[in-house]
Amino acid sequence: MGELGKLHQLIIPVFGHNITINLEVVVMTWIVFALLIILGLFASYKRKILPRPIQTLGELIVSMLYGLTEDALGKELAKTYAPLICALFMFLLVSNWLGIIPHLEEPTKDLNTTLGLGIMGFFIAHYAGIRSKGFKAYIKEYFQPIFFMMPLNLIGEVAKIVSISFRLFGNIMGGSIIILVVSYLTYSLVLPPFLYGFFALFVGTIQAFVFTMLTVVYISVQVK
Amino acid sequence: MGFEVETVIKIAAYTGGGIAMGLGAVGAAIGEGYTAARANIAISRNPEISGDIFKSMLVGQAVAESASIFALVIAILLLFMDAATPSLLKAAAFLGAGLSMGFGAIGSGIGSGYPGGEACFGISQQPAADSQLTTNMLIGSAVCQTPAIFSMVVALMLIFIDFGNAPLTPTWAAFIGAGLSMGLAAIGSGYGGGLAAGASCEGISRSPQSVTNVTTIMLVGQAVSQTPSIFGLLISFILMFKSFPESSMLATPMALLGAGLCMGFGGIGPGIGNGMAAEGAVRWVARNVEHSNELMRIMLVGQAVSQSTAIYAMVVSLVLIFVV
Amino acid sequence: MAIEGAEIVKAAAFIGAGLSMGLGAIGPGVGEGMVAAKACEAIGRNPKEAGLLTRTMLVGQAVSESTGIYSLVVALLLLFVV
């Protein structure tokens, strides 16, 4: 049970401070990138009017996510932000599913990954808000509806980042902990794959969708 | 007392882990039960689309499960982590972490059940709005879990941060107070957020074209009703990070414990009340979209007034921490 | 107090296990009861669909049970492993 806390880390001393890189998580992220790029290349290689199965899959995913973005953002903005949303969803989906392959672990099990994605979403949403409304109107939003709500509004924005990152982290980490503990307690062959199916596939898909949808909704709230 | 430090730490860790998981399981189960109950009624009204309703029910229950998964993570960490620097202070920190996560998961668990239930019922009334209802249900119950996430953050901080050479008294009371403050205050906000999300799903099922307005006012209402849990989080942080001078009187640790209890309990009522206000506003925006601006204004004013007791509680907590 | 350190740890583990399973049983109890009540009402409104409704009720109750199972797992860990 001690392996709960072990993590391979690479510590580089730079100018007196230590830069810690979690080696496992970074390698897993590269594997996810490689899988996604291969999938993308296969789907768009020699596009035909009568599509092959992989091309259909790619078109299905893109059209579903494009429709979601359009619903929330409207047609023009959707063109700018839909590629980002598609990429975010696919990355999260494949990351959450990576745990099924033996010896590989989900990169979203580390708080750094999810927090990074959350902060990226935050900056994009606010950049979109400033670009569409102008700087003055953006600052004035913080003072609505009463003057002294400003610190609370600021804290609310930070709370949004914290909540979406920790939600994804907690769910994925919790799933893998349950699987570890149950495999340790029982000697069954049937139970662990079933659990993997529920936690990694089902919950992973839902949480990836929730993260993506919340990012879209936050962008749309800022540009209104 | 004759006990070793390691022993006391283990005692506190196991008790804290038990509390965290025990209390944390309560809320999510009740919430999921509510979802399943409404789904049953929905299927009896409209048996042909039972497949869709069933799917939505499972998805909604999976999201409501998250609150208890957080509690499980904290419980397992408490059971199996060895403290890096053993000290009696760590024992208090572990107990505080268990309290924080345990109480914090109750409200969010129950609250996350409402949008799931209302979405299932709405699909039976308005099958064409299926995808919008499911999306809204996911967004609403995900945002409703924010107070449980704050509780998990406080619990993780209490477990992992090394507090160094802070004196034992009165800092032990500060840590337990921090756990209580965050945990209890999250009950009300979680439940209130759930009320708002449930009303939004019901509203969308009545008039699907008002989706954007309903979602916006739901998010705003939920954000404001999470303010009491943010107050609880603030008091938690102050209790954790302020350095207290060593004192051997009984009054000082009791003051810190009282500050935690005060903000904790004080956050429950305003959280639920703000949630009710948001619920009413969301419900009527769906029926009356043209007046959504006035409704939002009245909701915000009403919520600000009903948060006044939470502000009083925060003031008393701050007085207990800084002045006494 | 001449109580051994290891004894007290065991005692605390038992108390933790008790709290975990005891409190953890509240939620699934209430939740599943709600499901059953509404399922009865649903079947009362629409008796033809009794089979489908019973199936839905059982699945809903099973998912609600899962938090109770987490509590059981933690309680077992406290009893036998630590």
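**Helix packing and chain contacts in a predicted complex**

Colleague: At what angle do helix α7 and helix α10 of chain B pack, and how far apart are their axes?

Modeller: Helix α7 (residues 168-206) of chain B packs against helix α10 (residues 251-287) of chain B at an angle of about 5°, and their axes are 7 Å apart. Axes are lines fitted to C-alpha atoms, for helices over the stretch in contact, and angles run from 0 to 180 degrees between N-to-C directions. Helices (H or I, at least four residues) and strands (E, at least two) are DSSP runs, numbered from the N terminus. This is a predicted model, in which local features need pLDDT of at least 70, side-chain atom pairs count only at pLDDT 80 or more, and totals for chains, interfaces and linings use all residues. Residues are numbered from 1 along each chain as its sequence is written, while chains are lettered from A and ligands numbered from 1 in the order in which they are written.

Colleague: What does that make α7(B) and α10(B) relative to each other?

Modeller: They are therefore roughly parallel; angles under 35 degrees count as roughly parallel, over 145 as roughly antiparallel, 65 to 115 as roughly perpendicular and the rest as oblique.

Colleague: Which classes of residue make up the contact of α7(B) with α10(B)?

Modeller: That contact has 31 nonpolar, 18 polar and five charged residues. Ala, Val, Leu, Ile, Met, Phe, Trp, Tyr, Cys and Pro count as nonpolar, Asp, Glu, Lys and Arg as charged, and the others, Gly among them, as polar.

Colleague: Turning to the interfaces, how many residues do chains B and C bring to their contact?

Modeller: Chain B brings 42 residues and chain C brings 48 residues. Two residues are in contact if their C-beta atoms, placed from the backbone, lie within 7 Å.

Colleague: Which element of chain B gives the most to that side?

Modeller: α1(B) gives the most to the side of chain B that touches chain C, with 28 residues.

Colleague: And where chain B touches chain A?

Modeller: There, 28 residues come from chain B and 29 residues from chain A. α3(B) gives the most to this side of chain B, with seven residues. By class, the side has 21 nonpolar, six polar and one charged residues.

Colleague: How many helices and strands are in chain A?

Modeller: Chain A has seven helices and two strands.

Colleague: What confidence does the predictor give?

Modeller: The complex has an ipTM of 0.73 and a pTM of 0.80.
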